[in-house]
Amino acid sequence: MLPLASRIRDPRLLPIADKVLRGERLTFEDGLLLYETSDLTGVGAMANQVRTRLNGRRAYYVLSRRLSYTNVCYTHCQFCAFQAKPGDPKAYALSAEEIIRELEKPETAGVRELHMTSGHNPKLKVDYFEDLFRKIKARFPAIHLKVFTMMELDYYARVSGLSTEAFLDRCMAAGLESCPGGGAEIFDETLREQICIGKKDAQVWLDTAALCHRKGLPTNCTMLYGHIEEARHRVDHLLRLRDLQDRSQAAGYEGFLAFVPLAYQNEDNELSAAHTIHETTGTQDLREIAVARLLLDNIPHIKAYWVMISPGLAQIALSYGADDVDGTIIAEEIAHTAGAKTPQGLSQGDLERLIREAGYEPLERDNLYHTFEEPATA
Ligand code: V47
């Protein structure tokens, strides 16, 4: 392979390339330059260097099912097209029995990860979740329960009259095994007041993630980009995640497993009605993946979330720092109500073909990145 420096066109990137080769940590200013430079292929080459060091030619995916138990939400996120207020004809909350029936459908056979996030619905309290998790685990013991954004944990603990720790203890005893990374949006407090009115501040998200890590519950992390934020907000967001991961790992916990950049979907939501916000472009999406791989030196996996950036771009993202394409998903709603044009799910065969054709080795994983020798019988 050509030396890294020969693939860099913007000379300002050369000191960053030296740091990348030496495995040195990048700074806030480095992050700004990675966003500012027009040399995207140079940024991608550096990210690919790190990706190869950490994950070789491996590209992970999981047989997963996405499900939202309610769309009723008392917070007011301007970017969200999924939420419904009580009394809205489209408002719903699923019972445990309805969720089990959904999971019994043939298309869900073989699924290893159930990823559930939803609105903030004050009618759902800790006993609802305990009952739901126990019933799912009794019927499908092999399914890993990945549930609650950090904001949901904080909210559902409060409406249950419990501390977040007590709420987590009860949910973990009932079967909760990890948490997805949603709800982080963008940490900058001024922006949060504009895009997620009524949502708790960034520190609540970070403190709740730290608590999950201390309790041995792995989580993912995300960043919503491509709306009204600027490069400095994104660098700030990524470095706050890196700081927390440092603290979790220093204390001996696994912490964040994966970072997922979430490309803003701009239809049917108040944020895009109030501002002119274009769909994110391919270069913007690739740059997010690459910058994340370079700045988040302590988070093992970076996901190319095909639902929001398209399966085709997810293939290319594998050479820009990503090592995971998320999963089969089956029935995605949050991005699709906000205009995503991608399929609602992909088959295991589709994911393997996408990965192989991009030149990588597809590896089916479980939620904790253990892999399987034999393909699962779906
Ligand atoms: O929490 C809401 C965001 C999240 C929009 O952890 C939007 O493995 C873009 O968290 N445009 C849900 N984003 C998705 C999510 C996720 C996805 C894939 C993998 C993982 C993981 C987590 O999507 C929400 C919110 O932060 N969101 N509306 C929108 N219009």
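1. A helix here is a DSSP run of H or I with at least four residues, a strand is a run of E with at least two, and both are numbered from the N terminus. With that in hand, helix α13 (residues 306–309) gives the most to the lining of the largest pocket, at 3 residues. A pocket is found on a 1 Å grid over the protein atoms alone, as an open set of points where a 1.4 Å probe fits, with protein on both sides within 12 Å along at least five of seven lines; lining residues have an atom within 4 Å of a point.

2. Before going on, please note that this is a predicted model, in which local features need pLDDT of at least 70 and side-chain atom pairs count only at pLDDT 80 or more, while totals for chains, interfaces and linings use all residues. Residues are numbered from 1 along each chain as its sequence is written, and side-chain values use heavy atoms, with hydrogens and water left out.

3. Back to the largest pocket: its space comes to about 220 Å³, the volume being that filled by probe spheres set on grid points joined across faces, edges and corners. The lining has 18 residues, and Q265, E279, M308, A340 and K341 are the closest to the centre.

4. Do look at helix α7 (residues 164–174), where T164, F167, L168, C171 and A174 are buried (under 20% relative accessible area, 1.4 Å probe, protein chains only). Viewed down the axis of α7, these buried residues fall within an arc of 125 degrees, so they line one face of the helix; the arc is taken from the directions from the helix axis to the C-beta atoms. They pack against α5 (126–139), α6 (150–159) and α9 (202–214), with contact meaning heavy atoms within 4.5 Å. After α7 comes G175, with a positive phi near 135 degrees.

5. Now the rings. Those of Phe, Tyr and Trp (its six-membered ring) pair if their centres lie within 6.5 Å, and planes under 30 degrees apart are stacked, over 60 edge-to-face and the rest tilted. The count comes to 14 aromatic pairs. For F129 and F167, the centres are 6.1 Å apart and the planes at 80 degrees, so this pair is edge-to-face. It links helix α5 to helix α7, across 38 residues, and both residues are buried.

6. F187 lies in the loop between α7 and α8 (189–195) and W205 in helix α9, so parts 18 residues apart in sequence are tied together.

Notes: Buried means under 20% relative accessible area, exposed over 50%, partly exposed in between (1.4 Å probe, protein chains only).
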